[in-house]
Amino acid sequence: MDRKISFQQAINEALAQEMERDSRVIVMGEDVAGGSGTDGKMDAWGGVLGVTKGLWDKFGDRVMDTPITESAFVGAAIGAATTGLRPVVELMFVDFMGVCFDQIFNQAAKFRYMFGGKAVTPLVVRTMYGAGFRAAAQHSQCLYPLFTHIPGLKCAIPSTPYDAKGLLIQAIRDNDPVIFFEHKLLYSVQGEVPEEPYAIPFGEARFIREGSDVTIVTLGRMVHIVSEAADTLAAEGCSCEVIDLRTTSPLDEDSILGSTEKTGRLVVVDEASPRCNMATDISALVAQRAFASLKAPIRMVTPPHTPVPFSDVLEDLYIPDARKVADAAREVVGYKA
Amino acid sequence: MRVIHPLTMPKWGLSMAEGKIGDWIAQEGMSVESGVELVEVETDKILSPLEAPASGVLRRILARKNDLVPVAGLIAVIADATVPDEEIDAFIVDFKARFVPEQTGQADAASSTIQVQVGGQSLCYVKRGEGEEAVLLIHGFGGDLKSWLFNQEALADQLAIYALDLRGHGGSSKQVGSGTLDEFVEDVRGFLDSLGLQKVHLVGHSMGGAIAIKFALAYPARASSLVLIASAGLGSEIDVEYIEGFISAQRRKELLPQIEKLFADRKLVTRQLIEDVLKFKRLDGVESSLRTIASQFCMDGHQALILRDQLSALAMPASVIWGAEDRILPVSHARDLPRNLTVQVLSGSGHMVQMEAATKVNRLIAGFWRESQGQP
């Protein structure tokens, strides 16, 4: 386990290994092979940020460039999934998902249920999310709560290269449609990743650190922000237990409740807009099921309810940072009834 | 000149750079005997007590609960009651002034494992220490070379100590063939050949003990001595629920109750230990390899291979160490063994006795090597 690779390489490796293992696995999306309709070199791009680069060389036509028509190629992938393939479709930015909501929400998510369990839809939609990339309001949203809301979809939101590889392999082997969220700012993060393929089961959160004063539940890129805050707090003598959800659907309720019952205090840190996000959902869960163990009100750290600003200064202000997380933790730990 | 003894952070495990102080068992000002447990230290595997390096008064505690102390950093000071406070203070100031923490890079370099090709398989090992004679540590079923986290470094002051990942385990190839003990024995032989090691002292834990016995019987000229820790192959009973539970567990809550059975004190098991085992078990092919191996040594709820009758034929000194509270392989297997084996039973320890009572086990092993042939 000495080898370190980036988050981006981990995703590429998961795709390559599963394509190697199972000939039914195909990759589709805009520029995933290298720029359709041009006379240029194939495999020049590998997706807008190069995540699928190299796959076309190894697997040829199983890596397909599509037109810029999300409703068409996501629909095609869903059809392929129900008829025997295991497509991994790249939908560049989650912000564009709106144009193919019917295919995802009302078709892919419903088939197993509507056909009495006789149909499976082994589809993965890989998509980029998140702010901090100076990409403005239409390319920076954290829309995983929308997909978590829909029964029949599974949502994976890895924070480390190790989890990215294992969760993506699980997503590909899963018989249900999985939306797989990749934060743009995590692609260069390095971490230890085994060379062998492995699958991480969905619905099991990861404990980033154990502590006794406050539970901080978070996910995705915010895991790194919270870890930074927890280091600061540890130096002040405040012991944080940090939980990385890894998947929001299914959700590891046991780990959230068990930890909150132990510490008696909860902060939820979520990069998604504050109405109906993971922070409100988890706060409601704990308020309903672990209220008696709470020693202080629950605190949520989220962006404000506005579009992601384009101005660098405002965007930095918009995204939850370690200082805001540490302030929230100090507030609940210092709370006097 | 009056002697002042520092209590410092040990280096348990190859990649350990710092340890976290747990509960203090002793208090400042207490008289302590050499070898008594003073404080718990938390590593990335389990909690382990730290023992007094010398007798005296625990004059100063410098690290409180939850403090992180770098390896070789000062935790406490033990000295005779007659040593004046000023001398203790001067000692601490001097120690801190001289102290240079190990660089993270050095720790990483030292921890790196080596791969060697043996019969078409890649076997992973770590070597610590240098010496004329060599030792091979063989872990048990589902374990890896980290099973010797608290032993390899400590035993390496005069010998070259090799810890191997068996096939199907750790960093070695995950494919097994027949999964029989004989296959492992041939891997061990091939491993020693490839490193040019003609003869080694063998230390085996659990299934690794049975492999060591079979190796010593098959190649008596290549084993200088044998230490069998909670060894398989010495009786019929085995907790098959553990074996099956360990193989099939996919999640923390399934694996935790199984791993807890390995220790007398369940609270020693950290979340990190569980995560590390899960990381191994999740790899493609591991589950089926473990199943193949288990089906060879475990049949109809019992151990399939009992080597007890063959122990008297061992041509080299042999010793048995067992935890009295072993829940996987009962301590009764350490009783009524042939007289050529020395037997030590450690109270308050479970199946992973070499982790749970590391200092005692290290002392017993070093003592056995010394007694069995002067100096190993």
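Me: In this predicted model, two residues are in contact if their C-beta atoms, placed from the backbone, lie within 7 Å. How many residues of chain A are in contact with chain B?

Reply: Within that cut-off, 12 residues of chain A are in contact with 10 residues of chain B.

Me: What makes up the side of chain A that touches chain B, by class?

Reply: That side of chain A has 7 nonpolar, 4 charged and 1 polar residues.

Me: How many residues of domain 1 of chain A are in contact with domain 2 of chain A?

Reply: Domain 1 spans 4–192 and domain 2 spans 206–333 in the assignment for chain A. Contacts link 25 residues of domain 1 to 23 residues of domain 2. Helix 6 (144–148), strand 6 (154–156), helix 7 (161–173) and strand 7 (178–183) of chain A each give two or more residues to the domain 1 side. By class, this side has 15 nonpolar, 7 polar and 3 charged residues.

Me: Why are strand 9 and strand 18 of chain B said to stand at the edges?

Reply: The open sheet of chain B has 8 strands in the order 9-10-12-11-13-14-17-18, with mixed pairing. Strand 9 (114–118) and strand 18 (341–346) each have a single partner strand, so one side of each is left without a neighbour in the sheet.

Me: How do you know that strand 9 of chain B pairs with strand 10 of chain B?

Reply: Pairing requires at least two bridges found by DSSP. Strand 9 and strand 10 (residues 121–128) of chain B are joined by 5 bridges and run antiparallel, so the two strands pair by that definition. Within this arrangement, B:Gln115 stands opposite B:Cys124 in strand 10.

Terms used
Residues numbered from 1 in each chain as written. Chains lettered and ligands numbered in written order. Predicted model: local features only at pLDDT ≥ 70, side-chain atom pairs only at ≥ 80, totals over all residues. Domains from an automatic or database assignment. Helix = DSSP H or I, 4+ residues; strand = E, 2+ residues; numbered from the N terminus. Nonpolar A, V, L, I, M, F, W, Y, C, P; charged D, E, K, R; others polar.
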